[in-house]
Amino acid sequence: YGITQGQTPLPGAVLVMEREHSYADDLYGHVMVVERLDGAEVWVTDNLHAEPIKLSDVTTETSGANISYLYLPWHTTG
């Protein structure tokens with residue numbers, strides 16, 4: 001399907017938090033949608049935040065081994 005994975009946030013990408021992430025569920029992990037970038041700030045939505053919120057307002061762990069991004073070619077821009 002052309003879905004790729006990386007470490008760079010892009011609008012439309014799916015942010016995947018591994019189970020080990022401090023914000024994620026211990027069993028299932030967590031996913032968010034990257035809505036937009038504003039400079040270095042990543043704005044996301046998820047099942048807990050219907051309106052875009054800065055990722056840094058949700059968690060201090062905004063990058064690293066426990067976060068990756070899925071790039072859906074029909075939805076991701078950048």
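How many helices and strands does the secondary structure of the protein come to?

**View 1. Overall fold of the predicted model.** The secondary structure comes to one helix and six strands, where helices (H or I, at least four residues) and strands (E, at least two) are DSSP runs numbered from the N terminus. Read from the N terminus on, the elements follow the order β-β-β-β-β-α-β. The C-alpha atoms fill a box of roughly 30 × 25 × 20 Å along the principal axes. Of the 78 residues, 37% count as buried, meaning under 20% relative accessible area with a 1.4 Å probe and protein chains only.

**View 2. Surroundings of Asn66.** Asn66 lies in the loop between α1 (55–58) and β6 (67–71). Leaving aside residues up to four places away in sequence, Asn66 touches Val16, Met17, Glu18, Glu20, His21 and Glu61, a contact being heavy atoms within 4.5 Å. With Glu61, the side chain of Asn66 also makes a side-chain polar contact at 2.9 Å, that is, a pair of N or O atoms within 3.5 Å of which one must be able to donate a hydrogen and the other to accept it.

**View 3. Arg36 and the ring of Trp43.** The charged end of Arg36 sits over the ring of Trp43, 4.2 Å from the ring centre; this description requires CZ of Arg, or NZ of Lys, within 6 Å of the ring centre and within 35 degrees of the ring normal.

**Notes to the views.** Residues are numbered from 1 along each chain as its sequence is written, and side-chain values use heavy atoms, with hydrogens and water left out. Because the model is predicted, local features need pLDDT of at least 70 and side-chain atom pairs count only at pLDDT 80 or more, whereas totals for chains, interfaces and linings use all residues.

Methods: Buried means under 20% relative accessible area, exposed over 50%, partly exposed in between (1.4 Å probe, protein chains only).
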